[in-house]
Amino acid sequence: MTARHPLDDPREPVEPQPEATSDPDGDVGPDHTDDGEPGAAPSWWHRDHPTFTALSGFFTGLAFIIVVPGTFAALLSAFFDTGTAEDLFPFVVLTLAVPLGLLVAPRTRRFGRYMVVGMVTTLLVVGGVAALVLWLLVSLEG
């Protein structure tokens, strides 16, 4: 049976780990051995916290939808003329291989799911706001 870490079960109280005071370099502590090698149990900030993974995945998806197409368009317009840049812009869809790859790999699957949720939510919000603004512009003109 493997040693359990206190953070494995959220119902168990977590005792603070003792601070290392004997080594000025900080190499000796509850998660390091005397020779500086990592010990058996990582400290709490090195463990994968579910809220951190969800939030970072969601906001990565949000930034991915906003930054990647804009950067791709800026690079295309910097290196090519307008007609060629417009013809090459649909290749930005190939960047969707990144979140799909994250969904396939078991270690990054949870992060990938939240990244896709962030991407879809951003697309829905941007599309909804654009549709509302277009509807208001058309309805107020007539």
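**View 1. Buried residues of helix 4 in the predicted model.** Five positions of this helix are listed here by name: G112, M115, G118, M119 and T122 are its buried residues. Helix 4 runs from residue 109 to residue 141 and has 33 residues. From its first C-alpha to its last it reaches 48 Å, close to the 48 Å expected at 1.5 Å a residue.

**View 2. The largest nonpolar core.** Five residues make up this core: F64, I65, L102, M115 and M119. Helix 1, which covers residues 50–79, supplies at least two of the core residues, and helix 4 also supplies at least two. M115 and M119 also belong to the buried residues of helix 4.

**View 3. The surroundings of M119.** Leaving aside residues up to four places away in sequence, M119 touches G61, L62, F64, I65, L96 and P99.

**View 4. The whole protein, for orientation.** The secondary structure comes to four helices and zero strands, and along the sequence the pattern reads α-α-α-α. The protein has 142 residues, of which 15% are buried. Among contacts between residues at least 6 apart in sequence, 45% join residues at least 24 apart. The accessible surface comes to about 11000 Å², and 68% of this surface belongs to carbon and sulfur atoms.

How values were computed
Residues are numbered from 1 along each chain as its sequence is written. This is a predicted model: local features need pLDDT of at least 70, side-chain atom pairs count only at pLDDT 80 or more; totals for chains, interfaces and linings use all residues. Side-chain values use heavy atoms; hydrogens and water are left out. The expected span of a helix is 1.5 Å times one less than its number of residues. Buried means under 20% relative accessible area, exposed over 50%, partly exposed in between (1.4 Å probe, protein chains only). A nonpolar core is a set of buried Ala, Val, Leu, Ile, Met, Phe, Trp, Tyr and Cys residues joined through side-chain atoms within 4.5 Å. Contact means heavy atoms within 4.5 Å. Accessible areas come from the Shrake-Rupley method with a 1.4 Å probe; for residues, only the protein chains shown count as cover.
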